[in-house]
Amino acid sequence: MSRFLLALAALAPATAMAAPGGVPELPPYQVRAAQPAGDRLQPGRDGKAVFEHSCGYCHFPGGMGSNLLTKQMMMMKRPPSDGILSNRRDLTADYVKAVVRGGKGAMPAQTRVDLTDAELNAVAAYLARNAPKGGKK
Amino acid sequence: MKLTLPPRVSPQSFDAALKAFAGVVGAGWVMTSDSDRDAYADAYAPGPAEQWPASAAVAPSSVEEVRAIVRIANEYKVPLWPVARGKNLGYGTAAPRMAGSVVLDLGRMNRILELDPKLAYAVVEPGVGFFDLFDEVERQKAPLWLSVPGNGWGSVIGNALEHGIGYTPYGLHARNLCGIEAVLPDGDLLRTGMGAMKDNPAWHLFPMNYGPTWDLAFSQSNLGVVTKAGIWMQPAPETSLELTWDIPNEEDIGWVIDTVTPLKIAGLIEQNVFIPSWLGKIVVLGNRKDFWDKPSAMPEWRVKELLKQYDLGYWRVSIRLYGDENVNKAKAEVIKSAFKRHLSAPPMEVWWRQGDPRPPLDLTLGTPSAVPLQMSDWVGGRGAHLGFSPVVPATSEHVMGQLKRSRKIIADHDVDFYASFTIGGRFANNVNMLMYDRDNDAQVDNMKKLFNALISETAKAGYGEYRTHLGWMDRVMETFDFNDHALRRFDEKIKDALDPNGIIAPGKQGVWPAAYRALQKEGAQ
């Protein structure tokens with residue numbers, strides 16, 4: 001993502017930065033998965049669906065979290081695609097849980113109504129699924 | 001965060017209340033750990049979040065559970081702080097005004113009960129966020145649009161009840177509320193408007209009661225817990241045309257206001273027109289240190305350099321028209337002629353037509369986003385913001401007066417100036433964004449002093465705020481001083497009559513029940 005697009009993705013209301021001659025190209029709005037049915041307190045939640053439903057506001061492409069993380073990744077000379085959490089290969093379940101419950105940077109801590117412990121366990125496992133065993137990238 | 005008990009409640013009594021809550025909602029939905037208390041703290045607190053500590057949180061899933069919790073709270077004298085989704089960022093997040101209150105988190109009550117494309121309204125529970133409603137509209141392909149605030153993460157009902165604003169023709173969100181269901185402080189259940197009659201199909205269509213109308217008495221209020229409400233929505237337009245001008249100079253805001261306001265009052269412009277100052281454009285281009293690496297406020301000469309470098313005006317005005325293409329074209333001609341009297345440059349024109357994708361970050365097209373919160377990243381560190389938000393008449397005289405006054409106070413405190421005016425009709429909401437690093441004590445201290453100065457000087461000039469952070473609720477209420485604070489005295493009389501135990505949201509907006517009135521200085525800035 002270019003610096004210009006990153007820049008565009010941060011304005012309230014966003015149209016105020018529309019590029020001359022047209023609307024800027026940004027990822028289209030992505031409808032989130034519905035919250036999975038069933039008891040939210042019980043283990044075995046669908047981590048991908050919960051992630052999309054409860055984290056997609058900010059962590060889909062073009063979301064606040066994705067934009068800020070993309071900027072951080074680029075500053076660290078990592079590929080911009082690493083700004084999308086579901087692409088990451090270096091996340092551990094414990095780290096995901098710590099950030100969700102403690103907050104990080106612009107992200108506030110999430111309550112257990114936002115994400116139950118069972119849901120967080122499932123999301124953490126989903127985001128850590130790509131991490132190679134042994135901790136190397 | 002350590003446990004702070006509610007005032008005058010013993011540990012034993014508190015524990016008994018929590019057990020009784022758990023008997024209603026299940027133990028998994030009563031949240032009492034230090035980590036839980038942290039999660040319900042003010043994410044953007046100016047200074048320590050412990051200034052406004054919750055003791056616990058309880059999350060019901062139905063109106064019957066809310067009623068049961070309210071009755072238990074009365075029994076144990078445990079005050080409740082209701083939040084819809086708890087995302088009132090910049091105004092206190094989910095944290096309670098009074099230390100030790102139990103957050104009543106309505107986030108699980110997230111059903112969309114009706115979506116009526118014919119009469120253009122929805123009926124929703126408080127846990128329904130803007131994203132939830134938008135996604136449901138998309139799934140049903142309903143020809144309805146939302147009006148969304150800067151943070152679409154929050155609750156549709158919660159934002160309307162807090163007097164939130166959006167940027168479409170439905171941007172005065174409290175005015176979209178029609179027909180409310182509320183649990184009263186004694187656990188009784190009220191339906192307003194036509195809903196006062198059982199099964200009346202006009203409940204969410206006719207906006208008044210038979211007799212006194214109470215819907216907005218539950219907004220910015222501690223008179224009850226709203227458990228569902230009707231929300232009027234915008235019928236999806238055939239086309240939309242956006243006209244955008246860069247406005248070169250600071251003082252030009254005067255003619256802009258005097259040009260836009262009559263068109264807005266006459267109905268030719270339907271949306272709330274958002275006019276941000278230069279920093280609103282610069283914050284998106286990087287972090288503060290990229291443009292000005294000193295702690296002092298960015299000086300005028302540097303601002304001028306940046307505006308020239310990035311080819312920006314001091315203000316930017318985007319006016320969006322909605323509806324039939326020919327009507328939009330005709331309206332655009334009127335607006336362009338009015339602007340041409342002051343500015344020769346033509347506007348940038350962008351059309352949207354049915355079938356086109358809606359740009360994902362465009363709040364004026366009703367697409368929810370949390371991206372505007374990125375501005376907190378501007379200052380670096382754990383960025384946060386406070387909004388100082390007075391309301392002024394929408395004329396050049398009042399707007400220029402407010403601009404000069406707040407600008408001077410902000411400059412005197414050596415802080416960057418970032419203001420916007422949103423013309424909502426006969427009035428303009430002036431939001432001054434004050435951004436700071438939560439971990440920089442000197443910066444936080446300066447922000448608090450600045451905020452106090454803005455409130456008092458603005459009140460001296462005769463204007464008040466429409467909304468404020470927990471820490472300033474009393475100070476702002478104090479500015480509404482007609483007839484020895486008749487408004488607060490009236491609010492308190494009603495509060496004490498309806499809520500003798502002071503159970504619901506004590507201190508909300510500076511209205512304290514008799515039971516806790518002596519505590520109002522605690523947590524006040």
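1. In this predicted model, the place to begin is a helix pair in chain A, where Gly47(A), Lys48(A), Val50(A), Phe51(A), Ser54(A) and Cys55(A) of α2(A) meet Glu119(A), Ala122(A), Val123(A), Ala125(A), Tyr126(A) and Leu127(A) of α5(A). By class, the residues of this contact are eight nonpolar, two polar and two charged. Helix α2(A), which covers residues 47–59, packs against α5(A) at an angle of about 105°, and the two axes are 8 Å apart. The two helices are therefore roughly perpendicular to each other.

2. Confidence in chain A needs to be read element by element. The chain has an average pLDDT of 81, with 79% of its residues scoring at least 70. Among the elements of chain A, helix α5 (residues 117–127) has the highest mean pLDDT, 98, whereas helix α1 (residues 3–8) has the lowest, 36. Over residues 1–24 of chain A the pLDDT stays under 50, and for this stretch the model has 64 contacts beyond four places in sequence. Where pLDDT is low, the predicted coordinates should not be read in detail.

3. For chain B the average pLDDT is 94, and 100% of the residues score at least 70. For the complex, the predictor gives an ipTM of 0.92 together with a pTM of 0.94.

4. At the interface between the chains, 40 residues of chain A are in contact with 55 residues of chain B. On the chain B side, the elements that contribute two or more residues are the helices α2 (34–39), α4 (130–140) and α7 (279–282), along with the strands β12 (239–247), β13 (273–276), β14 (315–323) and β15 (348–353).

5. The domain assignment divides chain B into domain 1 (11–105), domain 2 (112–235), domain 3 (239–467) and domain 4 (473–519). Taken over C-alpha atoms, the centres of domain 1 and domain 4 of chain B are separated by 21 Å, and the contact between them draws ten residues from domain 1 and eleven residues from domain 4. On the domain 1 side, α3 (63–76) and β3 (80–83) of chain B are the elements that give two or more residues. The domain 1 side of this contact consists of seven nonpolar, one polar and two charged residues.

6. Which strands make up the five-stranded open sheet of chain B, and in what order? The order is β5-β6-β10-β8-β9, with antiparallel pairing, and the edge strands, each of which pairs on one side only, are β5 (112–116) and β9 (189–191) of chain B. From one strand to the next the twist averages 10°. Within the sheet, strand β6 (residues 121–124) of chain B runs antiparallel to strand β10 (residues 225–232) of chain B and is joined to that strand by four bridges; Tyr121(B) stands opposite Trp232(B) in β10(B). Helix α3(B) packs on this sheet, where α3(B) touches β8 (177–183), β9 and β10 of chain B, and the direction of the helix makes about 50° with that of β8(B). Helix α4(B), for its part, lies across β5 and β6 of chain B and runs at about 50° to β5(B).

7. Strand β3(B) runs parallel to strand β4 (residues 102–105) of chain B, with four bridges joining the two, and Pro82(B) stands opposite Leu104(B) in β4(B). Strand β3(B) also belongs to the elements that give two or more residues to the domain 1 side of the contact with domain 4 of chain B.

Notes:
Residues are numbered from 1 along each chain as its sequence is written. Chains are lettered from A and ligands numbered from 1 in the order in which they are written. This is a predicted model: local features need pLDDT of at least 70, side-chain atom pairs count only at pLDDT 80 or more; totals for chains, interfaces and linings use all residues. Two residues are in contact if their C-beta atoms, placed from the backbone, lie within 7 Å. pLDDT is the predictor's confidence in each residue, from 0 to 100. Axes are lines fitted to C-alpha atoms, for helices over the stretch in contact, and angles run from 0 to 180 degrees between N-to-C directions. Angles under 35 degrees count as roughly parallel, over 145 as roughly antiparallel, 65 to 115 as roughly perpendicular and the rest as oblique. Ala, Val, Leu, Ile, Met, Phe, Trp, Tyr, Cys and Pro count as nonpolar, Asp, Glu, Lys and Arg as charged, and the others, Gly among them, as polar. Domain bounds come from an automatic or database domain assignment. Two strands pair if DSSP finds at least two bridges between them.
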